[in-house]
Amino acid sequence: MEVPGGGYVVLTLLVALFGALSWTYARRLVTVSRVLRRGVRTEGSCVRVETEPYQRSDARRHFFAFRTADGARIEFEDLAGSSTAEGSPVTVTYDPRDPEGTATVAGRGSWSPVLQSLALAAGCGMAAAGFAILLGFEITGGDR
């Protein structure tokens, strides 16, 4: 049974989903870039690495911790390379006005968060654009 307009709904949802993901990763990329230029640097460490269900080797979440200048302990999740293990020392960069929201391990020796955010923002943006083009063709019937 075919649902009238079902193709429009699916394509619209895909455009919205990938557009939102692209926006999220683009915002993170801007935040990380700003913090790398103007942020405070301190020493931190990887406090745990969680493996996603089904033991996929490419699905790891890295959590880091550091202390701010006033001694507050901050723990955050960031993108990291597969060689980052629990206990690994890292350099953390953050904005003192919002350490929890801006902390990153990106920088010398670890560009992974920047490159991964860039790749994810670009990939999701291209997917959203591709689905939007398909939606346009679907709406117009492929006519020019």
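Modeller: First, a term we'll need: two strands count as paired if DSSP finds at least two bridges between them. Keep in mind that this is a predicted model. The protein chain averages a pLDDT of 87, and 90% of the residues score at least 70. Among its elements, strand β3 (residues 73–78) has the highest mean pLDDT, 94, while helix α3 (residues 112–140) has the lowest, 90.

Now the sheet. It's an open one made of four strands, in the order β3-β2-β1-β4, with antiparallel pairing. At the edges you'll find β3 and β4 (89–94), each pairing on one side only. On average, neighbouring strands here are turned by 40 degrees against each other, direction ignored. Helix α1 (residues 6–38) lies across β1 (40–51), β3 and β4, and runs at about 95 degrees to β4.

Let's zoom in on H62, which has its place in strand β2 (residues 60–67). Its relative accessibility is 3%, so H62 counts as buried; the cut-off for that is under 20%. What does H62 touch, leaving aside residues up to four places away in sequence? The list is C46, R48, V49, F76, E77, D78, A80, G81 and T84. With T84 there's a polar detail as well: a polar atom of the H62 side chain lies 3.2 Å from the backbone oxygen of T84.

Definitions and conventions: Residues numbered from 1 in each chain as written. Predicted model: local features only at pLDDT ≥ 70, side-chain atom pairs only at ≥ 80, totals over all residues. Heavy atoms only, no water. pLDDT = per-residue confidence, 0-100. Helix = DSSP H or I, 4+ residues; strand = E, 2+ residues; numbered from the N terminus. Buried < 20%, exposed > 50% of the residue type's maximum accessible area, 1.4 Å probe, protein only. Polar contact = N/O pair within 3.5 Å; in protein donor to acceptor, adjacent residues only side chain to side chain. Contact = heavy atoms within 4.5 Å. Axes fitted to C-alpha atoms, helices over the stretch in contact; angles between N-to-C directions.
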